[in-house]
Amino acid sequence: MHYTLIYDVVRDGRVGLVFPSLGVALLVVGIGMRMLWPRSMLFSIFLILVGLFTLVAAGALPWWDDHRAKAAVHRGEAKMVEGPVNDWRLTRSRQARSKGSKVHYNYFEHFTVGGVAFHLTWGNLEAGFNNQGSDDGKQHTRIADGDNVRIWYLPPDKLISTPRIVRFETAAAP
C-alpha cells in the first residue's frame, strides 16, 4: 500500500515566532521605559515580567519540547502503528468568555489505530501533529473511521500522558 506523508516532526516541526516576538517587544518597551522614564518603574517592571513570561512560555518551552521530540525520533524511540482508524470523534469544549466577547471553543480529536488511542488537541504548543487547520472547527487533514493510516508516535512518559504523533501518513486513494 502506498502512503502519503502528511506530517513529520523532523521535517515540519517548528516553533511559531509570533508570541515569542511579542515577548521580546514587551521586554524592549519595558526596558526602554525604565531607562527613559524612571518614574514609570512599576509599569515598566510589569511589562518586563509579562515579556519574560511570554518569551519563556511561548518560545523557550515549545522550542525545548520540539527539540526533545526530534531527539527521541533520532534515538529510535518512536513506535509505528498501521491500520484503519477506529472510533474517530471530534469533541469541543466551550471556553469561559468575558461579557460581550465571541464564543470560543477548544477542539479535540480522538481516534484509535491498532489498539493505540490518540488524543489531539488543536492549537496546543506541543511538538507533534495536532491537525489544526483553523480555529473555526476545520481540520488540516480529514481523518475518518476506516481510513488507512501509518503513524509513528512517542509513547507516554513522565512529561506527556498520551502518545504523541511524530509522523503521520495516510494511504493514497486507489
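Reader: In which helix is the place of Leu36?

Author: Leu36 belongs to helix H2, which covers residues 18-36. Please keep in mind that this is a predicted model.

Reader: Is Leu36 buried or exposed?

Author: Leu36 is exposed, because its relative accessible area is 63%, and the cut-off for that class is over 50%.

Reader: Which residues make the nonpolar surface patch?

Author: The patch is made by Ile31, Met35, Leu36 and Trp37, and its area is about 500 Å².

Reader: Let me step back. How many helices and strands does the chain have?

Author: The chain has 3 helices and 6 strands. Starting at the N terminus, the elements follow the pattern β-α-α-α-β-β-β-β-β.

Reader: And in what order do the strands lie in the sheet?

Author: The 6 strands form an open sheet in the order E1-E6-E5-E2-E3-E4, with antiparallel pairing. At the edges are strand E1 (3-8) and strand E4 (116-121), each of which pairs on one side only. On average, neighbouring strands of this sheet are turned by 35° against each other, direction ignored.

Reader: What holds strands together in a sheet, in general?

Author: Strands of a sheet pair through backbone hydrogen bonds, in either a parallel or an antiparallel way.

Reader: How many bridges join E2 to E3?

Author: There are 8 bridges between E2 and strand E3 (residues 105-113), and the two run antiparallel. One of the residues to look at is Arg89, whose bridge partner in E3 is His110.

Reader: And what about E2 and E5, how many bridges there?

Author: Strand E2 (residues 79-94) pairs with strand E5 (residues 148-154) over 6 bridges, again in the antiparallel sense. Here Val81 has Ile151 of E5 as its bridge partner.

Reader: Which residue of E4 is the bridge partner of Thr112?

Author: That partner is Ala117. E3 and E4 are joined in the antiparallel sense over 6 bridges.

Reader: A new topic: which residues have the most contacts inside the largest nonpolar core?

Author: They are Phe111, Val113, Phe118, Ile151, Ile165 and Phe168, in a core of 20 residues. Two or more residues each come from helix H3 (41-74), E2, E3, E4, E5 and strand E6 (164-171). E5 gives the most, with 4 residues.

Reader: What share of the whole chain counts as buried?

Author: Of the 174 residues, 32% count as buried.

Reader: Where is Ala60, and how accessible is Ala60?

Author: Ala60 is in helix H3, and with a relative accessibility of 41% Ala60 counts as partly exposed.

Reader: Why are Asp66 and Lys70 separated by about one helical turn?

Author: Because Asp66 and Lys70 are 4 residues apart in helix H3, about one helical turn lies between them. Asp66 counts as buried, with 8% relative accessibility.

Reader: What about Glu169, which side chain does Glu169 meet in a salt bridge?

Author: Glu169 meets Arg150, at 2.8 Å from N to O. Glu169 lies in strand E6 and Arg150 in strand E5, so the pair ties together parts that are 19 residues apart in sequence.

Reader: Are Glu169 and Arg150 buried or partly exposed?

Author: Glu169 is buried, at 5% relative accessibility, while Arg150 is partly exposed, with a relative accessible area of 21%.

Reader: And finally, which residues are linked with these two in a network of salt bridges?

Author: The network links Asp8, Arg150, Arg167 and Glu169.

Terms used. Residues numbered from 1 in each chain as written. Predicted model: local features only at pLDDT ≥ 70, side-chain atom pairs only at ≥ 80, totals over all residues. Heavy atoms only, no water. Pairing = 2+ DSSP bridges. Axes fitted to C-alpha atoms, helices over the stretch in contact; angles between N-to-C directions. Patch = residues over 30% accessible without salt bridge, like charges linked within 9 Å, V, L, I, M, F, W, Y side chains within 5 Å. Areas by Shrake-Rupley, 256 points an atom, 1.4 Å probe, with all protein chains shown as cover. Salt bridge = Lys/Arg side-chain N within 4 Å of Asp/Glu carboxyl O. Buried < 20%, exposed > 50% of the residue type's maximum accessible area, 1.4 Å probe, protein only. Core = buried A, V, L, I, M, F, W, Y, C linked by side-chain atoms within 4.5 Å.
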